[in-house]
Amino acid sequence: MGEPRSGDYRPEGISDALKEALDEAEESASTAAQADSPPLSAPPVVQGIGTRGMLRFLWRQITSMRTALMLLMLLAVVSVPGSIIPQRSTNPDAYAQYVADNPGLSRWLDRFQVFDVYTSVWFSAIYLLLFISLVGCILPRTWIHFKGLRAAPPKAPRRFERLPAHVTLPVAGAAGSVAHDSVAHDSVEEGDDPGVADDEVLARATSFLRGRNPLWRRYRYATATEPDGARTLSAERGYLREAGNLVFHLALVGLLISVATGQLLHYRGQVILVQGRGFANAEVNYNTFSHGAWYSSDSLDPFTMTLDKFEAKFRAEDAQAQDFTAFVTMGEGGSTSERTIKVNHPLLLGGAKIYLQGNGYAPSVTLTDADGQIAFAGSVPFIPQDSVYTSQGTIKVPDVTSGDQIGLVGYLLPTASQSETGTWG
């Protein structure tokens, strides 16, 4: 027979058999409880979040505003090589010169698509992640803001003294008070003065909230009646702040969409047009031509252009360029019109923009064969190599009496002068 434990209540006068039965029952219950409970030294079991939880966690990280700002900054950083290193599609001449000057480095840069930064895989990945992050961040916030605009302001608290910041102002002509909560809302409670009606107190309060603020800082308010019959007015403002934030981010998304669409649908061509000659807008007529992945030849605007005259003005004191103007005749839809193209002032024609990117000289060259027959005659454009128009050009003469083709490379020095010693510089 065991002794009663501390705290056990055993009535006196019970039989020894009953006491033994009670002790055995307690020992059995204690043994069962110890068998069911895990050992104290066993480590806690940590359940994993699973695939669905991991995907939810990654989505929240991607769509956070912190991630969007980091991606935007990263996009600006990775755009720097595109403005420093010549790009293959936009400046093929500078690209070819860079490769010739740096053959070893160029091979490594080409592997990492540095010569095609804006169409590279890593730039496109950052661009796409930024777009997904902004859209995933904006859509939920827009829906929450929309519901907040439709919802009434929250009810005014009964005990303003419990708020961390509050102030009490007397209402003129009434024993009540106007209490302003600087955190979320304001409230007006009717006083005990029977001479001022509830509607009058509320009207004074709403006039105070509406009349002393401009339109973009006015309050949204709602009235309510408490169970004890007290009338309250709650008001809040600050919705335009969130609306302006959303408009800014929507504009950023629109900018990303516009840039991406332009890169996919764009086309860019360069053509050297000699004065007096014409040009028809077709791919085969361009000297260089590049386009996006979704480009279609049907998107080319049908037009013709003839360069009638070109004027170049330079300052006499230092021979620096002052103004360039191309006078052209445009043909579209059976009608013609005279237009001008200047630097940084492109000509808009349908969906195409015609820029004046450079100018130079096209000397008239005449070649004769051994028999004195003219084998070639015409103006040949020479490409400027520096700011003083030192130009280089090539001439190909396929038809000569000997049957061999002739190719010539020449240099034009339009600004050269001969010194007294007879040298040119």
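1. Threonine 67 is placed in helix 3, which spans residues 65-78; helices (H or I, at least four residues) and strands (E, at least two) are DSSP runs numbered from the N terminus. The model is a predicted one, in which local features need pLDDT of at least 70 and side-chain atom pairs count only at pLDDT 80 or more, while totals for chains, interfaces and linings use all residues. Residues are numbered from 1 along each chain as its sequence is written, and side-chain values use heavy atoms, with hydrogens and water left out.

2. With a relative accessible area of 22%, threonine 67 is partly exposed; buried means under 20%, exposed over 50% and partly exposed in between (1.4 Å probe, protein chains only). Leaving aside neighbours within four places in sequence, threonine 67 is in contact (heavy atoms within 4.5 Å) with Gln61, Ile62 and Ser133. Leucine 129 is 62 residues from threonine 67 in sequence, yet the C-alpha atoms of the two are 9.5 Å apart in space.

3. Serine 64 belongs to the loop between helix 2 (50-62) and helix 3. Its relative accessible area is 18%, so serine 64 is buried. The side chains of serine 64 and threonine 67 are joined by a polar contact of 2.9 Å; such a contact is a pair of N or O atoms within 3.5 Å, where within protein one must be able to donate a hydrogen and the other to accept it, and residues adjacent in sequence count only if both atoms are side-chain atoms. The serine 64 side chain also reaches the backbone oxygen of glutamine 61, at 2.9 Å.

4. Helix 3 also contributes to the second largest pocket: helix 3, helix 7 (121-150), helix 9 (239-265) and strand 8 (288-291) each supply at least two residues of its lining. On a 1 Å grid over the protein atoms alone, a pocket is an open set of points where a 1.4 Å probe fits, with protein on both sides within 12 Å along at least five of seven lines, and lining residues have an atom within 4 Å of a point. The second largest pocket holds about 710 Å³ of space, the volume being that filled by probe spheres set on the points, which are joined across faces, edges and corners.

5. Of the 27 residues that line the second largest pocket, Tyr118, Thr119, Phe123, Gln263 and His266 lie nearest its centre. By class, the lining has 13 nonpolar, 12 polar and 2 charged residues; Ala, Val, Leu, Ile, Met, Phe, Trp, Tyr, Cys and Pro count as nonpolar, Asp, Glu, Lys and Arg as charged, and the others, Gly among them, as polar.

6. Proline 81 is found in helix 4 (residues 80-84) and, at 28% relative accessibility, counts as partly exposed. Not counting residues up to four places away in sequence, proline 81 touches Gln87, Val114 and Val117. Proline 81 and aspartate 116 are 35 residues apart in sequence and 9.7 Å apart in space, C-alpha to C-alpha.

7. Two backbone angles should be noted. Asparagine 344, in the loop between strand 11 (335-342) and strand 12 (347-349), has a positive phi near 65° and counts as exposed at 70% relative accessibility. Tyrosine 389, in the loop between strand 16 (383-384) and strand 17 (391-397), has a positive phi of about 65° but counts as buried at 11% relative accessibility. Most residues other than glycine have a negative phi.

8. Overall, the protein has 9 helices and 18 strands, and 24% of its 425 residues count as buried.
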